[in-house]
Amino acid sequence: TLDQSPPTFTALGASGIDENTIEVTFQCNEPCRAYCRVTRSDSGETSLSINRILKADFQADQTGPSGAYQAIQLDRLENDLSLPMLERGTLYDTYCWIKDEAVQHSC
């Protein structure tokens, strides 16, 4: 049958794991690929476009409800070693977007 429904997160969380890294853990209701990005909480951004999330290039695949949780570690605004690491003591908002094999997606 044709997959017409977007994937959903069945679990999603973010926490600081050291001074410069936020770890996002997630699980989906079907196999999916998740993309995440952080932005400073004081930046004034209240939402991010999908293109900005994708441009950050932090991603991981997850096999669905029977699979283990997957994690993405974000240590910069984008996955680019020339950028500075996240700043200690700074609040960040985390945005994630997922798609499935049929390229259905949800935020």
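Reader: Why does Trp97 count as buried?
Author: Trp97 has 6% relative accessibility. Buried means under 20% relative accessible area (over 50% is exposed, in between is partly exposed; 1.4 Å probe, protein chains only), so Trp97 goes down as buried. Bear in mind that this is a predicted model: local features need pLDDT of at least 70, side-chain atom pairs count only at pLDDT 80 or more, and totals for chains, interfaces and linings use all residues. Residues are numbered from 1 along each chain as its sequence is written, while side-chain values use heavy atoms, with hydrogens and water left out.

Reader: OK, on to the cysteines. How do you know that Cys28 and Cys32 form a disulfide?
Author: Their sulfur atoms are 2.2 Å apart. A disulfide is a pair of cysteine sulfur atoms within 2.5 Å, so Cys28 and Cys32 qualify. The link is right-handed, with 65° about the S-S bond. Cys28 comes out at 0% relative accessibility and therefore counts as buried, and Cys32 is buried too, at 5%.

Reader: And what makes Cys36 and Cys96 a disulfide?
Author: Here the S to S distance is 2.1 Å, so the pair meets the cut-off. With 105° about the S-S bond, this link is right-handed. It joins distant parts of the chain, 60 residues apart: Cys36 is in strand β3 (residues 32-40) and Cys96 in strand β6 (residues 92-99). A strand is a DSSP run of E, at least two residues, numbered from the N terminus.

Reader: Are those two buried or exposed?
Author: Buried: Cys36 has a relative accessible area of 1% and Cys96 has 13%.

Reader: How many aromatic pairs does a search of the whole structure find?
Author: Two.

Reader: What makes the pair of Phe9 and Phe26 edge-to-face?
Author: The ring centres lie 6.1 Å apart and the planes are at 85°. Rings of Phe, Tyr and Trp (its six-membered ring) pair if their centres lie within 6.5 Å; planes under 30 degrees apart are stacked, over 60 edge-to-face, the rest tilted. So this pair is edge-to-face. Phe9 sits in strand β1 (residues 9-18) and Phe26 in strand β2 (residues 21-28), so the pair ties together parts 17 residues apart in sequence.

Notes. Helix = DSSP H or I, 4+ residues; strand = E, 2+ residues; numbered from the N terminus.
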